[in-house]
Each structure stands twice: as structure tokens, then as C-alpha cells.
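Please look over the sequence and the model before reading on.

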Amino acid sequence: MGRAPALTSAVQGQPGSCSKTPSQYKNEKVQFPGPKEPQDVPPPLRLASFPRVPEFTCQVPGCCQVFAALEDYQHHYNMLHGNACSLCSRAFPSGHLLDAHILEWHDSLFQILAERQDMYQCLIEGCPEKFKTSRDRKDHMVRFHLYPADFRFDKPKTSRGPATRGSDADLSTAALGDEGDAMEVCSEPAAAPPAPRTYIHRVPSTICFGQGASRGFKSTQKRNKHH
Amino acid sequence: MWTRQPRRPGLMACGVEELRRRRREREAALRKARREQQLVSKRLLREDDPEEAGGESSAAVLGEAEVQEFLRLAQRGTEEKEREKALVNLRRGLQHPETQQIFIRLEGSMRTLVGLLTSNRALLQLEAARCLHELSHSEQSVVAEACLPATSYLLTYLSGHSSDFIELCLYTLGNLIVESEVVRQQLLPQGIVSALVACIQSPHVAVLEALGYALSQLLQAKEAPEKIIPSILDSLLPQHMLRLMQPGPKLNPGVAVEFAWCLHYIICSQVNNALLITHGALSTLGLLLLDLAGAVQRTEEAGLELLACPVLRCLSNLLTDVAVEAVGGQMQLKDERILAALFILFQFFLQKQPSLLPEGLWLLNNLTASSPTLCTSLLSLDLIEPLLQLLPLSNVVSVLVLTVLCNVAEKGPAYCRQLWPGPLLPCLLNTLALSDTEVVGQSLELLQLLFLYRPEAVQAFLQQSGLQALERHQEEVQLQDRVHALQQIALRG
């Protein structure tokens, strides 16, 4: 079978965060879109009145990331707050993994049942297997589903509190760096995020679990670059 | 929470659709090339940065030290912007095959990249995914295989909510699937099928198009009939695919095209076409054909014509499948509007896409071969003459037209009564004057049927110098027997 030459289908867009000010665009030529060759797509039109927003921070309490473009915030919100656990502020890439987490980490009934029957469900959607312990489940996922042994969204429950950057026994090499536990957000526990789903575990924003966070109204946005 | 923001806030509103349309046209051209030459294509999503406004990528090949430095900065930099910039630079460098080779040979590089892909910084995740995407585009399977540690995460992210990110992951997976059987062997146990089932329920058109791409690559793998298609048929994917091909106001042509091709690959594998029938494939495809005819009649430039080829092929192949016949699949396509739709499409093909005429006629052949009802409809809708008008176009078309007419004629005397008197005989005498053996051979078959069920036609044949027309071919080895048989009948008559 022959191989086609590399196909370039250029989709133009803004880079992650745009640091140019509007005035730098004024003198650039405006080209009308029109391909020179089929693969060519011209650079984006630069208009002087370019809709931009001043830098802003994420509105989820406890999250201190700063953005200069709405797209970036959209991505950030979806990835880190879309499926977040209100009890320990861990974020998950999907509702399915969040459900598994809440069940296994925060549901005392689950713990009781787990003593008597296989409760740890395989994390692959569509695989019906259940296991006695999370270790057994991990073995299954590694051997049967060829998942990595250090899969980031299947950490065993540890006794430490949320978001402490202590060592996580499952991080096997230092090459993973200071990422800590995957998808941790910030040091203050989050209140119920403004997500569409409702769980009995969602905590009303008036209740604090005593993790020491101040819940006052912040008048100055501290730019916390720690993370 | 947010409606989908346009990718380029500064561009004119038509820009997005224009690009999509152009991309679709490129892909149509590629598919054509693929059909004709069995080429395999990958997709590349690449966002142009302002710094690359010069057109050609201005990124240079990176050396080992630079790759290491960028990775180190991305992972351990203290400033957010610094980390992003490092990854952006790495990504640009990875556009070059040399940099890709350097990257994969560097110890710990993929591990670091995967760490960034799963980090808590959304923008780093995105850039890391873009780096992977560049790697996926390599034509060397060793580079694709170096991406194996990332696949479980790419699959996990398909169930997420960020549609841009999902789109990127899907195109990356699709490229990796094309490149390496080892990758495919890992993706299946990792649950790619259930990940795709979760993802195909997304309402985002871009995600669905990307999914169609990834799925079509999976289905074209050489081991697909044994190892991949059975799992796909076991899942909810076929039902979702057919749902996305339902004609109506919600039909998106770009999405439907992708899944029509996917359906085509599944049908060609012949793993379990009867199952597709139970999911309503025949009726969906039939309705889609009617919709297409309606659209071309209204001369809409809706991109629907790209659907014509896969829909025709799907229908034709389904009709030939023995298992389908066993469940009476043929019976579902008795609607004579299908014939009218086909002939409307023939007119359109004549103008715009002549290469599709044989495909349409092939479907007509399969429809008429075992259906007396449709043969009757062909006659009652007066479609014989339009059919005959297609004869002079090419030898391939002639053979198909004559075969369809044979299908009608062999149904018996009542049918042949409608074929003669009429324009058929003069046309046959014209085709007998040609030299192509297949065309002449098929003409002889048709004459035999006509003389059998309509002996009165023999006289007319003789009066129009039929015998002389036959004599031309009596030395031709492949035609001799039939010529002699016809000469006998004619002389007796």
C-alpha cells in the first residue's frame, strides 16, 4: 500500500495565550482568504478592533489561574472543574471516573459492601468486571487492558488530605516531576462547582470542612503562581 | 456553560465554514485518490501561530540538547508562560521528522510528555497533546509506537467535555491507528470501542467528524474483519452511525459522509451484514438516497453529493450479501421512488461526476436482478429510454445498462412485451456494431432473451440487417457460440 504525502490541513487559531497588544496589528496587510494551492490556507486576518479581554481569574473558588483568552478558560474549566469532586477537589477527565472516585473514596456504604462482595469496578466503560480490592482492579487493568501501572486516574486512597504535595507512593519516578497528584487544583477546598449534575455529595458553599481556608471575600486577587 | 467559541475571534464569520468546506473538498479528493490507488492518508490539525505568519514553518530542526531543555523547562519551569512557551517551541520543532527521531530516542522524553498531558495545567495539557499530534503524523511506525504510553490517556480524555481537546485526541488516535498494527493491538484491549461509543454521543460536529475519521482508519486496518469489526458490531456504534446518517433537518453532511464510509468498510468485510439490516441500515440508506436526489434536483450545494458514492456502494453491497437475502433484505427496497431517485442522480452524475455512473448502474443492476417488482416499476416509470440514452457513454456503462436490461427481459414475456416494439432493438443493433467483446457479448445475451420471450422481434431484427451485424463477430472466440445460436434462431424465425 503506498503512502500519501503528508496532508496539511491547517486550522488557524489563536495560540494558547496571546501577548500582543492590539496596536501591533494595525500595519499588517489584510489578505482575503484564497488558496494558492489546495493545501495553502493564508494566515488569519488581523483586525485592529480585535475582541480581547483583560486578564481574569477563574471564578471557581479556590482556583487561582489567570487567563487572557476565553478559549483558554473554556478548556481549563472543562478539564479541571467540569468533573471535580466537591469533597476533595480532585478533578477527573470524565464523569465516569468522577463517579467511580466518589463511590470508592467518599461513600461509606461502599466500604461496608466491599467487605462482603467485589465492588471495585473496572474503570474501562463497557468492561463489567468487578474486584475485591483496588489493587486487584489495577492488576486487571494492567494485564487485561494494557493500561500503564501508574495510570494517573486510578490512585489508591491515601490517608493524606487533599492537595498536600506530599509524596504519592504510586509515583514511580521523579521524571513525573512536581505534578503531584493529577489534576489537583488549588490548596483551598472547592465549594460545589457550578456544574450541571447534582450529587448528594455536593456541599453547599456555606459549609466549610475546616481545612483552614479563609472564606472571606477577596478584595485583591493574589496572583498565585505557585502551581 | 459556554457556547462553542469560534476559533479565530478576529476573522470574518464565514471563515470557519469556508475552511471546513475546503477541508472537506480536500478530503473528497483524497478519498478519490484512495479509492483509485489504495493510498492511506493522515490528518493534521495545525494551528498557525503569529510567529509563523511567514507561511512556511519557520521552526528549525531541534537538536538533542534543545529538546531536553524545552522538556525540562516545560516540566519544571517556575513561570507559567515560560513552561507553555517551551512546549510550544518543542511542538514546532516536532514538525520535523529529524526532531521527532531525536525526541523518541531521548530517555524519559515520552514519560515527561505524558506527565504534562495529564497535568493540572490545562494549557500545558493542550500543548502536550499537540506535540503528540505532531508525532502521530510521522510516517515512521517507530515514532507512532513511541506514543504508546499516551494512548490510555487519549482514550480517557474522549469521555471528557472539552470538544477541541477531544477533537485533537481523535485525530491523533486516527493517525496512530493508520501507522502501526502494534498501536491497534494495544488500543483494542484499552477499550477504544467503548470510548468511541461514549464519544459518538457528543453534539459537536467537529468531534463527530474527527471520530468518523478515527473509526474509518480502524475499519480499514488489514486485520479489521477478524479483530476489530466484530467488536464494533457488538457495540452500539452501528446504531449511532445510522442515527447520524438519518436524513432530515438534523443531518450534517460532513458527519454523514464520514460514517457512510465507515459503514461501507463494515459492509465490505461481510462480517455480519444481516445485523446491520436489523438495525435499519437498508431503510436509512434508501431514505438517504431519496434525500440526495431531492437535494441535487434543487441544485443545492450542500455537500450532499459527497455522500453519493459511499451510499451507492453500501446499498449495492448489502443487496449482494447472501445473508441479507436470507433475511429478506431485498424486500425492504421495493419502493419505486428509489428508481426515480437513481435516475435523477444519473443526470447529476452526467454533469458533475461521470465516474459515479457505473456505481449507480451497479446498484440498479443489484436492485433489478432479483426483484420483479422493481423491473415492473422501471417499465411503468418509462425509464427504459433514459437508460438507453446512457449507452454511448462508455463501454463500462454500456455493459451495465445492457445487464440491467437483461435483468428486466429475463423476468418473462410480459416484460419483453414492453421492451419491443420500442427503441431497444435499434440500440442493440448499434451496440452490435461496436468492437468491444464485453459490450457485444452482453448485447447477444439480451437478444437471446428477447427472441425467447418475444419471437415477433426476430422479424424486425432481420429486416434491420441483423444477420449482417451478427456476422461481424462470428469469428470471435468468446462470442462464437452465442452468435451461432442467434443465427439459428433468426433463420428459423
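## Basis of the model

This is a predicted model, in which local features need pLDDT of at least 70, side-chain atom pairs count only at pLDDT 80 or more, and totals for chains, interfaces and linings use all residues. Residues are numbered from 1 along each chain as its sequence is written, chains are lettered from A and ligands numbered from 1 in the order in which they are written, and side-chain values use heavy atoms, with hydrogens and water left out.

## Chain B overall

Chain B has 30 helices and 1 strand; helices (H or I, at least four residues) and strands (E, at least two) are DSSP runs, numbered from the N terminus. Of its 493 residues, 61% count as buried. Buried means under 20% relative accessible area, exposed over 50%, and partly exposed in between, with a 1.4 Å probe and protein chains only.

A contact means heavy atoms within 4.5 Å. Among the contacts in chain B with a separation of 6 or more, 74% come from residues 24 or more positions apart.

## The nonpolar cores

In soluble globular proteins, nonpolar side chains tend to be buried together. A nonpolar core is here a set of buried Ala, Val, Leu, Ile, Met, Phe, Trp, Tyr and Cys residues joined through side-chain atoms within 4.5 Å. The largest one has 196 residues, of which B:Leu90, B:Leu158, B:Leu170, B:Leu215, B:Phe259 and B:Leu364 touch the most other members. Helix α15 (residues 253-269) of chain B gives the most to this core, with 11 residues. Apart from it lies another core, of 6 residues, including A:Cys58, A:Cys63, A:Tyr73 and A:Tyr77.

Leaving out residues up to four places away in sequence, B:Leu364 touches B:Leu339, B:Leu342, B:Phe343, B:Phe346, B:Leu378, B:Leu387 and B:Val404.

## Helix α27 of chain B

Helix α27 (residues 437-453) of chain B has 17 residues, and its first and last C-alpha atoms are 25 Å apart, close to the 24 Å expected at 1.5 Å a residue. The expected span is 1.5 Å times one less than the number of residues. At the start of α27(B), a side-chain oxygen of B:Asp436 comes within 3.1 Å of the backbone nitrogen of B:Glu438.

Buried residues of α27(B) include B:Val439, B:Gly441, B:Leu444, B:Leu447 and B:Phe451. The elements that cover the buried residues of α27(B) include α24 (395-409), α28 (456-463) and α30 (480-492) of chain B.

## Helices α5 and α6 of chain B

Two packed helices are described by the angle between their axes and the distance between the axes. The axes of helix α5 (residues 109-117) and helix α6 (residues 122-136) of chain B come within 7 Å and cross at roughly 135°. Axes are lines fitted to C-alpha atoms, for helices over the stretch in contact, and angles run from 0 to 180 degrees between N-to-C directions. α5(B) and α6(B) are therefore oblique to each other: angles under 35 degrees count as roughly parallel, over 145 as roughly antiparallel, 65 to 115 as roughly perpendicular and the rest as oblique.

On the α5(B) side, B:Met110, B:Leu113, B:Leu116 and B:Leu117 take part, and they meet residues of α6(B) that include B:Leu124, B:Ala128, B:Cys131 and B:Leu135.

## Helix α2 of chain A

The 12 residues of helix α2 (residues 95-106) of chain A should span 16 Å at 1.5 Å a residue, and its end C-alpha atoms are 16 Å apart, which agrees. Among its buried residues are A:Leu97, A:Leu98, A:Ile102 and A:Trp105. The buried residues of α2(A) are covered by elements including α3 (108-114) and α4 (134-143) of chain A and α8 (151-157) of chain B.

## Single residues

B:Ser316 is in helix α18 (residues 308-320) of chain B and counts as buried because its relative accessibility is 0%. Its side chain reaches the backbone oxygen of B:Leu312 at 2.8 Å. Not counting residues up to four places away in sequence, B:Ser316 touches B:Glu359, B:Trp362, B:Leu363 and B:Asn366.

Most residues other than glycine have a negative phi, and most peptide bonds are trans. B:Gln270 is not a glycine, yet has a positive phi of about 55°; B:Gln270 is exposed, with a relative accessible area of 53%. B:Asp382, also not a glycine, has a positive phi of about 60° and counts as exposed at 62% relative accessibility. A cis peptide bond, with omega about 5°, joins B:Trp420 and B:Pro421.

Technical notes:
Polar contact = N/O pair within 3.5 Å; in protein donor to acceptor, adjacent residues only side chain to side chain.
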